[in-house]
Amino acid sequence: MIKYRTFRVVPSIPAPLEGLREIAMNYHWCWDKESIELFYRLDRDLWRETHQNPVLMLGRISQERLEELAQDDSYLAHIQRVLVRHVMYMQNKADWFKINHPDSKKIQVAYFSAEFGLAESLPIYSGGLGVLAGDHLKACSDLGVPLVAIGLAYRTGYFQQYLNPDGWQLERYPENDFYNLAAELVKDEKGEPVHIYVAFPDGECRAQIWRVMVGRVALHLLDTNIEENSPRMRSVTDQLYVSDRESRIRQEVLLGVGGIRALKALKYSPSVCHMNEGHSAFLALERIAVAMEEHGLSFEEAKCAVANGNVFTTHTPVPAGNEIFDNELVWRYCHGFASRLGLSKDDFLGMGRQNPKDQNEPFCMTVLALRCADYCNGVSKLHGKVSRGMWSRTWPELPDDETPIAAITNGIHSRTWISSDLCNLFDRYLGPRWQTEPWNKAVWERVKEIPDAELWRTHERRRERLVAFARRRLRQQLENKGAPRSEVKAAEEVLDPEAMTIGFARRFATYKRATLIFRDVERLLQILCHAERPVQILIAGKAHPADNLGKEMIRNIIHICRKEPFRSHVVFLENYDMEVARYLVQGADIWLNTPRRPLEASGTSGMKAAVNGALNLSVPDGWWEEGYNGENGFRIGLGESYDDFEVQNDVESRIIYDLLEKEVAPMFYERGRDGLPREWIRFMKSALASIAPEFSASRMVQDYSERFYVEAARRYETMTAGNYERCRNLIQWKNSVLKNWSRIKVLNIEAEIGAQCSVGVNVPVKVEIEIGDLDPDSLRVEVYYGVLDSEGRLTASTIMPLEKAGDKHGASCVYQGSIRTEKSGGYGYAVRVLPNHPDLSTHNMPGYIIWS
């Protein structure tokens, strides 16, 4: 193979337009409407052709056009306005984090994710997880959270979707040219690319690092497509979510282990590492190994320190969404790790199993992350509850509701997703704080002051633009397939700009039930073609390349779309990406969501639709379980559980039809003398006021900061101070306690209670515990109690710590306290003993909880 010398050609931009380069090289432009307008004015057609990539656009635009604009006073003034705003944003010294956490100047958070969705011009995302990660970075930038991010620079990213004449999904993988993206190759003092290395069974793999600026947050992407690597090593970052298991584990070793090494090479020293899903969980092992090697720690001492500074977010209650590897494959790639950590094969593989001793259980990245992070969460309240049950075997001695997985509900970056038309309206009536304080409920209450006519006309314009976009996109789809001219021409007349429009866009996984609304096509047809209340549906979404069931769902929808009269009322938009998503959420009247509860962890597309004035029509799953209030959208069922999925599909599809026929469409089309749907607009305002602040990414990041980041950083700094002295002492104490643990017994329980007592009574409880040689203060004794259900389980538990009653007598000690009866019913209680130490991050140590 010929070895070429390389160099980079950059656009020749006239001096008056030089500010365009600075604006283009920071993704802050993608949530600043004036910046977007600036590039749109540059060349509208080229902006679309380059998929809204300003860097590529500047390289392709004609020199004549640049020289023309260099003489345009209006355009130069526009550049100056955007530059001033950008500089002020980047230099903001009075951001939320500095104001609210002035003593946290040393905090550095590193955020790891397998995908990031920042803009459609950087296609290194597949869907909701990546877009959420992108919104997380944008919100951290807005709030001033000291965060740096790590991901992978995929050569082809996720696939582009196209359908064959039969409606079957096919995939193409166009290459990402990072030299024509807003990305800079990180170089050292000598001008050479910075490289990091990871070891694989077949050799060493090196990666270079691209820096992508997301406002004030730096995202670093690892790239193995370099000539120093063998072809096999170069392919590691070829594709997002490759199906081959060995290729996948290579990516995850690179992301986790290589990511930590990249941070070190770039002179970052994060106290907190946040794992966005389990793909990056190997980072915990690298952090432990480094601490052992640099500070002479044991494995347990290093793990204690690292877990204090690790945060883990799980995003799916679907087993297939949790990364699982064959044990032998993991061992082949990680036996060197086990040696560095001083662990046997069984002990190492046990870290990825809910039951460490079950050698038939595969290695799960989610379990590894849970075991190595003291701060774990699901992404909605319901998902937190589901996750606690799903992973309860990792803490077998605990009741499900005490599994240490909290809940922080997802949110969206409002300025990325709200239409420019609506932004202008909000600027007039809400003032600037809807942008600077998107979490502020009082600000959003002011949407009720917006005149109904203005809000409705603004939304109607967005629907009209959605219909125009859908027609243009459908025409292009048909031309690409070589469809007859008559069919292409007919695409210009599909949909009605004034008809109620339902949007449905998401990944085509079977549990999301994209075909549920088509279950009774005759009844659906009556709804769509109603003479006075017509309805239309726009659908988009991709199936995973290996998911034939998902592809079959798409094909079934396409076959329905091609039949008359569905052809004019139902349109499937190919190649769902962030651009398609924006048009849909900004123009739809109804946002349909039909997952099989409780399999939707959160979902964020409905939030994006809601902040654009759409009403959700959704199963009460994920975020909608929290978001629905009876006047801001519509609920499909009450969250019932079904053993028979076919029965569930029948019942819930009928609920959808009933709602559309009897509530949704009548409310939309009920107009006053002024032509306004007053009740519908009232619901729109209620949705904006209740959903926009509560489900903003800023609120989400504030939650992460105040519940996890600040506390984790404080504990990490405390436990690692003085050459990890407190970690060493804690493990020494823990070993002494555990050595005597088998001698602990609950000898006697005395509760001054008969067969019944009254509400509001404090029932005294006294417990005698045999503790052997242990100090009584090294144990935590608790009463676990609550109201019992018909099957003898606690419906809502309460934990009451008991106090030591006097000194130790021989080998036993007495602890006492009381149970308070808050409400009537049958109660149950039990006593338990746990280790107790001020430096324990949690008292719930697996294997060391004794129940009476």
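**Note on the predicted model**

1. Arg 250 and Asp 202 form a salt bridge, with their closest N and O atoms 2.6 Å apart. Arg 250 belongs to helix α10 (residues 245-265), while Asp 202 sits in the loop between β6 (195-200) and β7 (203-214), so the pair ties together parts that are 48 residues apart in sequence. The structure holds 63 salt bridges. The model is a predicted one, and every value in this note is to be read with that in mind.

2. A parallel sheet comes next. Six strands form an open sheet in the order β17-β16-β15-β18-β19-β20, and their pairing is parallel. Its edges are β17 and β20 (633-635); each has a single partner strand, so one side of each is left without a neighbour in the sheet. On average, neighbouring strands here are turned by 20 degrees against each other, direction ignored. At the β17 end, β16 (residues 535-540) pairs with β17 in the parallel sense over 4 bridges. Within that pairing, Ala 540 stands opposite Leu 573 of β17.

3. Two helices lie on this part of the sheet. Helix α23 packs on the sheet and touches β16 and β17, its direction making about 115 degrees with that of β16. Helix α24 lies across β16 and β17 and runs at about 140 degrees to β17.

4. Helix α23 (residues 521-528) also has a helical partner, α28 (residues 645-669); the two axes come within 10 Å and cross at roughly 15 degrees. An angle under 35 degrees counts as roughly parallel, so α23 is roughly parallel to α28. The crossing is left-handed. From α23, the contact uses Arg 523, Leu 524 and Ile 527; from α28, it uses Arg 654, Tyr 657, Asp 658, Leu 660 and Glu 661. Sorted by class, the contact of α23 with α28 has 4 nonpolar, no polar and 4 charged residues.

5. What is the backbone doing in the loops of this region? Arg 513, in the loop between β15 (500-505) and α23, has a phi near 50 degrees, a positive value in a residue other than glycine. The peptide bond from Glu 564 to Pro 565 is cis, with omega near 0 degrees. Pro 565 is in the loop between α24 (548-561) and β17 (570-573). A cis peptide bond also joins Arg 597 and Pro 598, with omega about 5 degrees. Pro 598 is in the loop between β18 (590-593) and α26 (605-610). For background, most residues other than glycine have a negative phi, and most peptide bonds are trans.

6. Helices α11 (residues 282-295) and α12 (residues 299-308) have axes that come within 9 Å and cross at roughly 125 degrees. This makes α11 oblique to α12, and the crossing is right-handed. Ala 284, Arg 287, Ile 288, Ala 291 and Met 292 make the contact from α11, and Phe 299, Ala 302, Lys 303 and Val 306 make it from α12. The residues of this contact divide into 7 nonpolar, no polar and 2 charged.

7. Helix α8 (residues 128-143) packs against α30 (residues 697-739) at an angle of about 80 degrees, the axes being 9 Å apart. That makes α8 roughly perpendicular to α30. On the α8 side are Leu 132, Asp 135, His 136, Ala 139, Cys 140 and Leu 143, which meet Ala 697, Ser 698, Met 700, Val 701, Gln 702, Tyr 704 and Tyr 709 in α30. The contact of α8 with α30 has 9 nonpolar, 3 polar and 1 charged residues.

8. An antiparallel sheet is the last item. It is an open sheet of 4 strands, ordered β21-β22-β26-β25, with antiparallel pairing. The edge strands are β21 (745-751) and β25 (803-804); each has a single partner strand, so one side of each is left without a neighbour in the sheet. β21 pairs with β22 (residues 762-770) in the antiparallel sense over 6 bridges. Asn 748 has Glu 768 of β22 as its bridge partner.

Definitions and conventions. Residues numbered from 1 in each chain as written. Predicted model: local features only at pLDDT ≥ 70, side-chain atom pairs only at ≥ 80, totals over all residues. Heavy atoms only, no water. Pairing = 2+ DSSP bridges. Axes fitted to C-alpha atoms, helices over the stretch in contact; angles between N-to-C directions. Parallel < 35°, antiparallel > 145°, perpendicular 65-115°, else oblique. Left-handed = near helix turned anticlockwise from the far one by under 90°. Contact = heavy atoms within 4.5 Å. Nonpolar A, V, L, I, M, F, W, Y, C, P; charged D, E, K, R; others polar. Salt bridge = Lys/Arg side-chain N within 4 Å of Asp/Glu carboxyl O.
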